Amino acid sequence: MPTVHLLDYVAGNVRSLVNAINKVGYQVEWIKSPNDVKEAEVLILPGVGHFGHCLSKLSEGGYLDPIMQHIESGKPFMGICVGLQALFSGSEEDPNVPGLGLIPIRMRKFNDDTKSVPHIGWNSATITCSGESVYKSFYGLKPNSKYYYVHSFAAPYTPDILEKEGWSVATATYGDEKFIGAITRGNIFATQFHPEKSGQAGLRAIRAFLDGEQFKLLPQPSHPTEKGDGLTCRVIACLDVRTNDDGDLVVTKGDQYDVREKSGVKAGGQVRNLGKPVDMAKKYYEQGADEVTFLNITSFRNCPLADTPMLEILRRTSETVFVPLTIGGGIKDTVDTDGTRVSALEVATMYFKSGADKVSIGSDAVIAAEQYYEEGEKLSGQTAIEAISKAYGKQAVVVSVDPKRVYVSSPDATKHHTIRTMYPDATGHNYCWYQCTIKGGRESRDLDVRQLVKAVEAMGAGEILLNCIDKDGSNSGFDLELINDVKDAIKIPVIASSGAGIPAHFAQVFQQTSTDAALGAGMFHRGEYTVTEVKDYLKEEGFSVRVFEPDV
């Protein structure tokens with residue numbers, strides 16, 4: 001197999017990139033010192049996180065000059081995410097740290113007054129130079145394809161500067177902002193999106209780069225994307241994973257978080273077994289799931305952290321599933337079986353190295369939020385959220401929220417933020433507040449959902465996974481009032497969860513709220529509907545969705 005050299009400078013999940021490179025027929029060798037760069041024929045620079053941190057790490061390690069020498073020599077170079085941003089003159093994210101300066105444009109933060117930031121999801125990479133019947137594609141990019149983006153800063157599309165400098169560009173739009181999704185000139189190819197997480201469309205781009213197939217004339221598509229550039233409706237498949245009574249890891253699903261059978265031949269309190277995690281993740285990927293989330297609902301406390309079964313699940317899943325993977329459960333400061341203290345950051349790092357793109361924090365986020373308010377809304381710098389987002393970027397940290405309704409007679413009856421609900425309780429109370437819980441919903445706290453999401457946003461969380469205990473397992477649709485209330489309180493993206501039972505529930509949540517994604521579980525696990533059927537329904541209703549592409 002031909003060889004690609006990969007430079008990892010705390011770039012988050014690089015296992016998936018290695019798997020993607022292997023998938024298209026190449027092997028990886030790691031750059032371990034600046035001298036290794038000189039020996040590389042093909043160099044890939046991946047990256048997630050903070051522009052200043054990443055560029056400073058490269059500078060401190062003595063890599064900047066060798067990278068520039070590699071590029072100037074004409075050898076193939078690819079930059080991914082922050083690897084693309086490094087090519088520019090600088091970024092608003094850290095004005096004091098310069099980029100490589102190959103492109104005289106500065107990265108800018110998205111206008112967070114009108115949209116969720118980070119920009120997370122599947123967007124376009126549309127070639128800007130087109131003829132009447134053909135267009136000049138580069139590195140396999142197609143106008144109907146969608147690619148996975150996750151970033152807060154972007155390079156604005158400035159055609160005069162880019163054309164003068166000889167760059168070919170593919171763009172995406174977010175709201176009313178058009179930015180650079182991919183760019184090429186000579187031996188350079190760089191993407192703001194993550195090709196290793198962009199399904200078959202991303203694998204096609206990696207293969208074209210490694211095969212040296214830069215430009216190709218292709219016919220204009222007869223059926224352009226329904227709404228052109230812009231984010232699609234993101235549909236996520238969630239797998240609750242735990243050990244069953246026989247000690248096997250299974251996917252299960254609860255009713256208001258109770259995962260044991262209530263009736264039938266398996267009744268008697270056995271854990272509901274809906275399938276094997278790796279097999280089910282691959283199935284949902286092939287149905288077109290935009291992300292796969294694993295929630296470890298047992299802690300696997302009786303084995304060393306390095307041998308945690310979920311690490312193996314991630315390793316095996318990332319070999320065949322090329323969309324983002326999130327892992328939740330056990331991301332906290334802990335003590336290993338040999339008595340060694342292990343920080344939440346170290347636990348998260350193990351998951352990232354095993355194939356996770358994001359980690360989800362639940363109960364510990366509630367405790368951290370309570371401490372945040374006790375200290376007068378001051379950050380301690382010691383929470384898991386702060387540590388992980390500082391090292392890997394806020395887009396790597398999801399906070400999973402498990403609230404439940406508490407009805408009151410009037411807003412004055414509680415100190416917590418209330419809503420007037422269209423669904424009163426049995427006593428006729430039409431006001432309620434959403435109480436946060438921990439330990440899988442078993443313990444209630446004196447903290448409302450608005451307090452929680454505002455606190456974790458301040459700490460550096462990049463996304464909220466918004467569950468609802470009242471809706472869990474009900475198949476009655478999402479709690480739209482809860483979703484709108486949370487979206488009104490924060491700017492970071494929100495994933496709607498709990499209650500989906502039919503495809504129409506997904507259309508309803510995307511139509512009646514500004515949610516950034518919607519998650520399904522039981523309806524998929526039980527085989528009542530597939531992810532494909534949900535997306536087909538959304539498409540029929542006029543929503544933009546990513547279509548699964550055949551194998552490259």
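## Overall build

Helices (H or I, at least four residues) and strands (E, at least two) are taken here as DSSP runs, numbered from the N terminus. On that basis the protein chain of this predicted model holds 17 helices and 30 strands.

The C-alpha trace of the protein chain spans about 75 × 60 × 50 Å along its principal axes. The radius of gyration of the protein chain is 23 Å, which agrees with the value near 24 Å that a compact globule of 552 residues would have. Of these 552 residues, 57% are buried, and among the contacts with a separation of 6 or more, 71% are between residues 24 or more positions apart.

## Surface and charge

The protein chain exposes about 22200 Å², and carbon and sulfur atoms supply 46% of that area. Its charged side chains comprise 57 positive and 71 negative ones, and the centres of the two sets lie 1 Å apart.

## Strand E22 and its two partners

In a regular strand the side chains alternate between the two faces of the sheet.

Ser360 takes part in both pairings, standing opposite Gly328 and having Val398 of E23 as a bridge partner.

## Thr232, a buried loop residue

Thr232 is found in the loop between strand E15 (215-219) and strand E16 (234-243). Its relative accessible area is 7%, and because buried means under 20%, Thr232 counts as buried.

Leaving aside residues up to four places away in sequence, Thr232 touches Trp122, Lys146, Ser544, Val545 and Arg546. Ala387, by contrast, is 155 residues from Thr232 in sequence and 31 Å from it in space, C-alpha to C-alpha.

## Backbone details in loops

The peptide bond from Val117 to Pro118 is cis, with omega near 10°, and Pro118 lies in the loop between strand E6 (103-109) and strand E7 (119-123).

Two residues other than glycine have a positive phi, namely Tyr139, with a value near 50°, and Glu377, with a value of about 60°. Tyr139 has its place in the loop between strand E9 (134-138) and strand E10 (147-151), and with a relative accessible area of 5% Tyr139 is buried. Glu377 has its place in the loop between helix H11 (363-374) and helix H12 (384-392).

Terms used: Residues numbered from 1 in each chain as written. Predicted model: local features only at pLDDT ≥ 70, side-chain atom pairs only at ≥ 80, totals over all residues. Heavy atoms only, no water. Rg over C-alpha atoms; globule rule 2.2 N^0.38 Å. Buried < 20%, exposed > 50% of the residue type's maximum accessible area, 1.4 Å probe, protein only. Contact = heavy atoms within 4.5 Å. Areas by Shrake-Rupley, 256 points an atom, 1.4 Å probe, with all protein chains shown as cover. Lys, Arg positive; Asp, Glu negative; His and termini not counted. Charge placed at Lys NZ, Arg CZ, Asp CG, Glu CD. Pairing = 2+ DSSP bridges.
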